[in-house]
Amino acid sequence: MILPVALAFAAAGGVPAAPSASVATAPVTVQVAQVRSAKGRVHVALCPKERFLADTCVYEASAPAQAGVTTITFPAIPAGDYAAQAFHDENANGKMDRIMGVVPKEGFGFSRDAKVRFAPPKWDEAVFTHEAKPQVLQFSLRYMMGPK
């Protein structure tokens, strides 16, 4: 088995309502590199530890795919530790397609370019700290299946 089903992270709706005014927030801009085509959308989720690799995360957004680099900005993220997970939804069906329910057919990636060996990365490999000041993350997608 190359990747367990846990790698299936969903990309639902947009970013939730802004936190209350008393919580310090700042934008997080995610630059997803090595997007192989302009087909579909790139979905990004920013997850606290307890939601990492889950079906949903607290902050999710998507943008039309741009070959090369696709940029998505989350306008108001509270300070804390998060891991970013992304996938290229080439057929725009709102989910990561997989072969036999396991092997991703679409590109995927994690903050800090956390490596995927025979399982998804561990939290410690993908975590970043957001200090409620503007922040830019950069990481690349990996495609397990050949180019389309």
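**View 1. Phenylalanine 52 and tryptophan 123 are both buried in this predicted model.** Buried denotes under 20% relative accessible area, exposed over 50%, and partly exposed the range in between (1.4 Å probe, protein chains only). Five aromatic pairs are counted, where rings of Phe, Tyr and Trp (its six-membered ring) pair if their centres lie within 6.5 Å; planes under 30 degrees apart are stacked, over 60 edge-to-face and the rest tilted. The ring centres of phenylalanine 52 and tryptophan 123 are 5.8 Å apart with planes at 70°, so this pair is edge-to-face. Phenylalanine 52 belongs to the loop between β2 (41-47) and β3 (59-64), and tryptophan 123, 71 residues away, to helix α1 (residues 123-126). Helices (H or I, at least four residues) and strands (E, at least two) are DSSP runs, numbered from the N terminus. Ring pairs join Phe52 and Trp123 with Phe108 and Phe110 in a cluster.

**View 2. Tyrosine 82 and phenylalanine 128 form a tilted pair, because their planes stand at 35° with centres 6.1 Å apart.** Strand β5 (residues 80-89) holds tyrosine 82 and strand β9 (residues 127-130) holds phenylalanine 128, so the pair ties together parts 46 residues apart in sequence. Both tyrosine 82 and phenylalanine 128 are buried.

**View 3. Methionine 100 lies in the loop between β6 (98-99) and β7 (103-104).** Methionine 100 counts as exposed because its relative accessibility is 79%.

**Notes.** Residues are numbered from 1 along each chain as its sequence is written. In this predicted model, local features need pLDDT of at least 70, side-chain atom pairs count only at pLDDT 80 or more, and totals for chains, interfaces and linings use all residues, while side-chain values use heavy atoms, without hydrogens and water.
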